[in-house]
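Student: I would like to learn how to read backbone features in a model. Could you take me through a few?

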Amino acid sequence: MVSYLSFSFFILYFGITWILYSLVPQKAKWCILLAGSYIFYFISAKGHIIPMVASTVIIWVVGMALQKLDEVCKAKRKAAPKAEKKAIRAKYNKRKYWVLTLGVVANVALILIFKYTNFFIDTTNSIFNLDIAHASIVQPLGLSFFILEAISYIADIYYGRIEAEKNPFRVSLYLSFMLTIVEGPIARYGQLGVQFKECRSATIEEVSTGFTRVLWGLFKKVVIADRCVILVSSVFENYENYSGVAVIAGIAFYTLQLYCDFSGVMDVMCGLGSMFGIKMPENFARPFFAKTINEFWQRWHISLGTWLRDYIFYGISFSKGFKNLSAKARNKFNPYYANLIPTAVALFFVWFTNGFWHGSGLKYIVYGLYYYFLMMIGLFLEPVFAKLCTKLKINRQSKPYKLFQIIRTTIIVNFGMLIFKAQELNPEKMSPLADLKVAAHMFKSIFTGFDLSVLSVGAKNGFGLSIYDYAVIAIGFVILVVVGLMQENGIDIKQRIYKLPYPIKFAFLLAFVFVIIIFGAYGEGYGVVDPMYANF
């Protein structure tokens with residue numbers, strides 16, 4: 001693929017598109033975005049665009065059908081006697097439901113075929129001791145992201161949140177937009193569709209603050225994340241050779257790498273969007289300041305979390321079966337557990353979907369359910385914890401306790417990252433459980449071989465990190481924490497930079513550019529690292 005952070009993307013794709021977008025009349029701007037997005041996607045996906053085109057056609061047809069049914073229903077209800085209005089609405093609501101179901105099933109079928117076929121083959125081979133060969137299927141670029149956007153589009157029409165777009169090419173722009181197609185954020189049509197219709201030019205402030213955010217994203221990705229990958233690859237690719245501190249370091253560095261990689265790319269995309277005059281949905285809000293798992297996932301990959309909440313959790317919560325379960329729970333349990341038990345059922349499907357969406361492997365499902373079970377344990381034992389803290393006179397609102405919560409949540413997240421990253425690379429050991437066995441082996445090895453010297457420069461550990469690398473990562477980490485603390489306290493750093501006198505602002509941004517150029521992890525000794533979430 002053409003990397004979002006490559007010179008060719010900034011010059012040939014974003015650069016040319018941005019210049020043309022700025023020059024053409026307002027009514028033609030969306031056409032420039034569409035053309036630029038399709039050219040970028042076609043080249044990046046090496047021509048594999050049929051699934052995206054198919055999804056676009058499906059949701060446009062389904063959206064128009066839903067809109068037509070809604071209009072016919074309103075017209076017939078308006079002309080019908082009062083006694084018949086309810087029956088007419090029920091009749092057309094049922095038709096709309098089946099049209100929506102058809103659209104959702106068609107899109108889910110695309111993701112199951114192109115992403116999970118070989119996973120199902122491996123599972124079948126393992127269960128029935130067969131030897132079915134893998135299918136030769138190429139997973140389209142950004143499949144998981146544009147399918148969720150497609151489903152949200154028709155669901156929002158069904159629920160009356162938006163009206164169907166009559167122009168199929170505008171729907172196509174929404175699904176193929178170059179700044180969301182590869183790694184998200186998973187935008188709603190109500191967030192981007194209106195902006196694509198207006199397509200105004202960016203203000204000087206938006207261009208300036210957008211450029212600043214692009215630099216911040218590049219700093220996180222190129223300076224920190226791509227340097228962490230050296231140690232991470234050494235530990236995870238040779239996990240049998242490491243234990244204790246080395247494994248802990250590998251997990252911690254992977255967590256830092258994934259955060260700086262994913263959130264860094266999101267900063268770049270949001271910054272570039274601002275330079276178009278387009279406000280992109282936020283995808284991160286300083287997740288490692290979270291005090292609970294639930295709060296962490298409200299701050300991490302926000303667009304996925306809100307999608308799962310709105311279309312899985314609420315969809316189940318408003319179903320007839322769920323309402324019956326809630327009624328039974330209220331008759332048998334106290335108010336706290338009466339509300340919690342039905343919620344736990346709905347959340348199971350949320351977290352199962354979360355894991356399943358991330359990848360075609362059993363470890364991803366376990367990854368999702370890992371958070372689910374820990375969250376459920378916390379919620380079910382909350383009354384016990386509250387009584388215990390009261391008895392021990394622990395102030396749960398105090399700063400020391402909140403710091404304890406942040407540290408606890410960070411440790412839990414790091415173990416989750418171990419499950420997420422662990423991978424068996426030896427073909428002779430491959431099986432549906434192979435990756436989970438690697439995760440279990442690494443987890444057990446944490447409690448052996450506590451030798452801090454393995455992290456020292458020059459140790460025969462294969463890490464490949466010099467004192468220079470360690471220093472850059474450490475300084476970068478401190479900067480991340482300081483900036484995060486400032487943002488947590490409501491300080492808008494981009495605005496403060498924008499309001500600086502022009503000479504000072506220019507010097508600051510130029511210095512930032514040179515920091516990225518000088519300290520970026522590229523060149524001899526460093527490999528090219530594509531954005532990590534592009535694989536999902």
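Tutor: Let's go through peptide bonds, phi angles and a helix in turn. Keep in mind that this is a predicted model.

Student: Which residues does a cis peptide bond join here?

Tutor: As a general idea, most peptide bonds are trans. In this model, glycine 184 and proline 185 are joined by a cis bond, with omega at about 5 degrees. You will find proline 185 in the loop between helix H6 (168–176) and helix H7 (189–198).

Student: And what is phi of lysine 46?

Tutor: Most residues other than glycine have a negative phi. Lysine 46 has a positive one, near 55 degrees, and sits in the loop between helix H2 (29–44) and helix H3 (50–79).

Student: Where is histidine 301 found?

Tutor: Look at the loop between helix H10 (293–299) and helix H11 (302–317). Phi of histidine 301 is also positive, near 45 degrees.

Student: Is histidine 301 buried or exposed, and why?

Tutor: Buried means under 20% relative accessible area, so histidine 301, at 0%, counts as buried. Exposed means over 50%, and therefore lysine 46, with 70%, is exposed.

Student: How far apart are the end C-alpha atoms of helix H13?

Tutor: They are 35 Å apart. Helix H13 covers residues 335–358, and its 24 residues should span 34 Å at 1.5 Å a residue, so the two values agree.

Student: What does a side-chain oxygen of asparagine 334 reach at the start of H13?

Tutor: That oxygen comes to within 3.0 Å of the backbone nitrogen of tyrosine 336.

Note on methods
Residues numbered from 1 in each chain as written. Predicted model: local features only at pLDDT ≥ 70, side-chain atom pairs only at ≥ 80, totals over all residues. Heavy atoms only, no water. Helix = DSSP H or I, 4+ residues; strand = E, 2+ residues; numbered from the N terminus. Buried < 20%, exposed > 50% of the residue type's maximum accessible area, 1.4 Å probe, protein only. Expected span 1.5 Å × (residues − 1). Polar contact = N/O pair within 3.5 Å; in protein donor to acceptor, adjacent residues only side chain to side chain.
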